[in-house]
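Visitor: I have a set of chains on my screen and would like to learn how to read them. Where do we start?

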Amino acid sequence: MFEVIAFYTFSILTIIMFGIVVLSKNALYAMSALAGGMIFIAGFFFLLGAEFLGVVQIVVYSGAVMALYAFGMMFFDTTRDVKENIHYKKVLYSLFIASAILIVIIMSAPIYSANIEAFYPAVIDGVGNIQMVGLILFTKYLIPFELAAVMLLVSMISGILLVSKRMEMNLTEEDHYEEKGEII
Amino acid sequence: MEKYLYIALFAPIVGSLIAALFAQSPKNLFTGIFTSALIFVSFISSMILLNYVDMDKIVHVEMMDWISAGNLSVPFGFVVDQVSVIMMVTVTLVSTIVHIYSIGYMEHDESFNRFFSYLSAFVFSMMILVMSDNFIGLFIGWEGVGLCSWLLIGFWYKKHSASWAANEAFIMNRIGDLGMLMGIFLIYWNIGSFQYDVVFANIVNLDPSEVTWIGIFLFIGAMGKSAQFPLHTWLADAMEGPTPVSALIHAATMVTAGVYLIVRAGEIYILIPEVGMFIASLGAFVAVFAASMALVNKDLKRIIAYSTLSQLGYMFVAAGLGAYWIALFHLMTHAFFKSLLFLGAGNVMHAMDGNLDIKRMGGLYKAMRPTAILMSIASVALAGIYPLAGFFSKDKILEVAFNNGSYLLWGALFVGAGLTAFYSFRLVMLVFFGEKIYEKDGIHPHEAHPFVIYALTPLALLAIVAGFFEHSFHEFTTQLLSDYEFTLDHSVGAMLIFATSAMALSGIAYAVYKYKRGGFSENIENWGVYKLLSNQYYIPKLYEVAIMKPFTALSRFAWLNIDNKIVDASVDLIAKTIYGGGEKARKMQSGNLSSMLRWMVVGIVVLLALAIFYRPTV
Amino acid sequence: MITLTHYLVLSAILFSIGLVGVMKRKNLLMLFFSTEILLNAVNIGFAAVSHYYNDLSGQMFAFFIIAVAASEIAVGLGLLVLWYKKTGSVDLDSLQTMKG
Amino acid sequence: MDHILSLIIFFPLVAGIFGFLVNKDSIRVYGITVAALEFFLTLALWVSFDGNIAGFQFVEHVTVISHFGMSYHLGVDGISLFLVILSTFMTMVALIGLSIKKDAKNLIISVLYLEMTMVGVFLSLDVILFYLFWEFSLVPMLYIIGAWGSDKRIYAAIKFFLYTFAGSVLMLVGILYMGYLYHATTGVWSFSIPDWQLLVLPFNTQLWLFGAFFLAFAIKVPMFPFHTWLPYAHGQAPTIGSVILAAVLLKMGTYGMVRFLLPLFPDATIYFLMPIAIVAIIMVIYAAMVAYAQEDMKQVIAYSSISHMGIIILGTFAINAEGITGSIFLMISHGIVSGGLFMLVGCIYDRRHTKNMSEFGGLAISMPTFATIYGIMLMASVGLPLTIGFVGEFLSLIGFYKVSWIMTLIAGTGIILGAIYMLTLYKRSFFGEITNEKNRGLKDLNGRELVALVPLVALVVILGIYPKPILTPIDASVKKMIVLMEKKAVTQKAKDFIIKVNTIKGGE
């Protein structure tokens, strides 16, 4: 019973939060709503017994990613409303509807799962989720895991380089004389 | 004897090729003499062969293979038998005389050498035509004479009318050639050979309907070459060529090739009397039809051309009714007197500075007596008066028609005989006697060179005496050709001869009488009949309106409308659609991330829809 | 009882919301937010399948997706900042130099 | 002599590459020398060719991708031998007659590449290799038309390229499917023609594959109604391009028909025989009529090519030894004759810079040699006996007569119409008085042009009188092919038909 209540509560909250993200005109509100939505998603993870994933979700998304966005937003003028000119509204809205309907149809379609077998059973007696995740991550998924690590490292370095002062100076030196409007 | 065969065949082409080397250089008497000499050599060889050929002694050679593919095999083979040797002698004799005559006739022409080259090439083609031992060889000659005829009619190519007439002749002949090819194809697929002997030996085993078709197709070929109705218009126009050409090609030899074909293929036609009857009927029709046009024409050469047409009709009557040796006999005698007539006309034409209107001549007898005598002899022979050559051959044809019970044909030929006599003497009277109208045009006629006249005498001699060889000719040719049996009573035969002679004589008499007294009054030119005849029954006009113009219009329509506007346009339309589609699709690639994202979503939607709704049955 | 289907429908709804965002928003930052929504919608699906089928592979994929998302944001934000410095705008319509 | 075929294919390519190093002034001599050497190589091939063997000779086989059965497989038989010789001969003659000075180096090298691809098409026994050469041949031609053509050259070049390319793409699908079928039947991958010829296909499959291959060949030939690229290509191409296009490239289509359609899909061939024959007849008559309506001398000859190709197709689809042998011979003779005619038009174009017949008239007065050679070529084109044009036309028509006499009669009107448009052309341009003063002082053919044209004239006459050395090898190979077709045919109807058209009724 608790599970049902929790699911619906989280569902409604997540949808609302993400709805705000998509529709809000203020970037700050959108970001805050996104952070909230992430936390609720972590709630789903806990509900599904994926504790490790839930923790990672909160730490990485609500913590690190949001912090990054927050820093990023300092560069922009966030007080101003986001102005967006939308052309071809009819096309746009029909696309919204078509895509939404289709996706829901797919997902709610009876999923035939008879021949899906679990290779890595999630629950073994006496072994917790985090322990299992660790086991699998470092056996079967070792190489992807290492690659993900390298990828994160690379992106970190590139992130730093892109925004760092020296880099910026080089770029502005080259483009100093270009007028801003020309590129548009 | 093979040696003589090769000499007879190849001497003309040697002459032609050597003359061709000088084609672009100025006049060189040597070419004329040289080619004439070689044709004469060919004539001598033919005479030797004529002497040699007898019952069993036929010269038959196979020079080399020509085409062989599948089951088909065509050699260059030549045969000298009773029929071909007659043709060879006739052709080479007339050719020799025409060559010598041309030395005089063409003496002022800048393309003297070229002329002799063409003329000898023609003789060569004609020799192939008559000497070949198979239908394909015949066809080679057939087309070869067509080509030479094209070259020679259009010899004075600067004249629009000459080149037009040349093309007309070639194209009309091609229509016939197609028919002939079809006949040859039919022979091949039924018998598997083109050799005369094989074909004739096996033709009896064929289905009668197939034989009928073969006969019809071959006759279509003959119609083209021999200018039978409705393919006759080219012959009169072909008179644009130099006169010796008209004498040689369009009177004595090439146009008679059709008759030769029917005679040669007699063994086929004997099986299909219905087709033979049709040939004879058409021949009789042409005999009268052409003679009627000759009655009113004012052009010297055209009159003789129509006369030729009419005489070809006579030959076809004989050939169609199965009297092959008579057809061949008339072919030979006709060759002599008709070429004589033409060559005489050439002299007249020269004397009149190229003027051909007989109404502008008259009284030329004084100025050119030998020519007048020669032409008169030829005309008498043509009219068929005893004892000249025409009498023997033409009367025989009438007899055949009567004998066959085809009284209608006989009647037509009988009328034709009268007409022939009339127009021949109308011509003689208007040209040589009466008032000297030419003096008004300030022309001073002069006789041709003496050697030209001398060259013509053998022809005149033959036109007079050839008829007396009838019996030996009959014996000689019927060794090969099937004989024709006369069942007529002697007295009826005599009656017929008398009637025909009377008809011819009265025709002559009427012409002489009428034109002595100044001819017909001018207002007959307003008669409907006169107009009809002088416009050649409006047939050339009809061809122009009903065939040439629609064809040109249709061709232009096919090009401008069908080809450009439908076929090509539809191709271009495809290209334009694709190009236009690309032009429109280019907008998709606006570089705007937002619209790209939208397209991405479209893609996702489409793919998802496919994944859900399209389930291939495995 | 909450079944797998519930989770998948939820995931689909969230994904749709993300798509709407991707299509509608012209602000690059907002676009990033929308991509996050897309990724998280999928993550829920993975986790749910993993739970109901008793197979940890789903969680593993979700985990890697988080890693990818994190690095994407790091690089993406860097570029965005650079772009903003250059043009003073984070509007998508300013990114049209690749017009074909 | 083991690798003579490879040598023949790749010699022009290598020579072409070295051609880049040759000095601009001596490139013409270099090009002619290379083409002449190549021609002598093919002559050597002919000399050592055994005309009594019907199968492939000088076969070279090197496996390239064994996994998919693709190999470097060459061979020559009676059918292809003379087309190869024709290609090298016409290339040589066209190079001798070349009068273009602008960028002559690039042009000559393109022509050498083109020669390689043409020879390659005729010599390949592997279908993939065949397809490669088939497609490669488009590129140099595209360049030749596009770079040295007249005003609308780009349009013409692109049209030529895309049109023929669209057709051959369909053929590629057919090739792949055929390869797949071969694999499915035998378990081995192979793209070699001799292997494919042994594969018996079910009737319905044959129909589809026939369609795919046929369309590619039909566009190349070009058959009505796919012919419209040809007048443009000819009209705009420089003389050398037209010569090679008409003499050789079109023959690739009909060669493909003989090599692929007949032996691979005998039942489909017989099934589609009548519709194709009808189209061919339409093509003969229609093209002849359109040719008659043309103003441009070159267009007349272009359309006459279409008309003659119709006869070739008729001969091919007669399915008897006479017809097919005739059609192959007609390919060769048409190559020589139309090539010669295009060169002649090129000669007058060089002098007057126009090809419009109304500009001419009386050319026989100012250029007698030119008129004579033109006349001989024209007569060969019209199909006069004892010229090269007659033999093929006669055999093709006699072959098809067995299939249908009435259709042969209708197609035979092409002979008449051919005479009409050709003689009209001749009359308009050569006969009459000189009406245009510009035509008065024209120089007659010069030495270079004569050197190029006289061999053509000689061949026209010699092969017209003695075609046997060419007919015999062709005939041997064709007979073998017909036996193969008869054996392979799956339907009784087709078997009966093949036997019927190859027998003479009342023969001994």
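**Reading helix pairs, contacts and confidence**

Guide: Start with a pair of helices in chain B: helix 13 of chain B and helix 18 of chain B are roughly parallel to each other (an angle under 35 degrees; over 145 is roughly antiparallel, 65 to 115 roughly perpendicular, and the rest oblique). This is a predicted model, in which local features need pLDDT of at least 70 and side-chain atom pairs count only at pLDDT 80 or more, while totals for chains, interfaces and linings use all residues. Residues are numbered from 1 along each chain as its sequence is written, with chains lettered from A and ligands numbered from 1 in the order in which they are written.

Visitor: At what angle do helix 13 of chain B and helix 18 of chain B pack?

Guide: Axes are lines fitted to C-alpha atoms, for helices over the stretch in contact, and angles run from 0 to 180 degrees between N-to-C directions. Helices (H or I, at least four residues) are DSSP runs, numbered from the N terminus, as are strands (E, at least two). Here helix 13 (residues 273-296) and helix 18 (residues 407-432) of chain B pack at about 25°, their axes 9 Å apart. Helix 13 of chain B passes helix 18 of chain B in a left-handed crossing, that is, the near helix is turned anticlockwise from the far one by less than a right angle (clockwise is right-handed).

Visitor: Which residues of helix 13 of chain B meet helix 18 of chain B?

Guide: A contact requires C-beta atoms, placed from the backbone, to lie within 7 Å. Helix 13 of chain B contributes residues including Ala284(B), Phe285(B) and Val288(B), and among those of helix 18 of chain B are Gly416(B), Leu419(B) and Tyr423(B). By class, this contact has 15 nonpolar, 4 polar and no charged residues. Ala, Val, Leu, Ile, Met, Phe, Trp, Tyr, Cys and Pro count as nonpolar, Asp, Glu, Lys and Arg as charged, and the others, Gly among them, as polar.

Visitor: How do helix 3 and helix 4 of chain D lie, roughly parallel or antiparallel?

Guide: The axes of helix 3 (residues 78-96) and helix 4 (residues 104-123) of chain D come within 9 Å and cross at roughly 170°. Helix 3 of chain D and helix 4 of chain D are therefore roughly antiparallel. Leu83(D) and Thr91(D) are among the residues on the helix 3 side, and Glu115(D) and Phe122(D) among those on the helix 4 side. The contact divides into 9 nonpolar, 4 polar and 1 charged.

Visitor: Which chains have the most contacts between them?

Guide: Among the 4 pairs of chains that touch, chains A and C have the most contacts. Their contact takes 67 residues from chain C and 74 residues from chain A. Helix 3 of chain C gives the most to the chain C side, with 23 residues. That side has 39 nonpolar, 21 polar and 7 charged residues. Chain A and chain D do not touch; their nearest C-alpha atoms are 32 Å apart.

Visitor: Where in chain A is confidence lowest?

Guide: pLDDT is the predictor's confidence in each residue, from 0 to 100. Where pLDDT is low, the predicted coordinates should not be read in detail. Chain A averages 75, and 69% of the residues score at least 70. In chain A, confidence is lowest in helix 7 (residues 165-175), at a mean of 53, and highest in helix 1 (residues 2-23), at 89. Over residues 176-184 of chain A, pLDDT stays under 50. The mean for chain D is 89.

Notes: Two residues are in contact if their C-beta atoms, placed from the backbone, lie within 7 Å.
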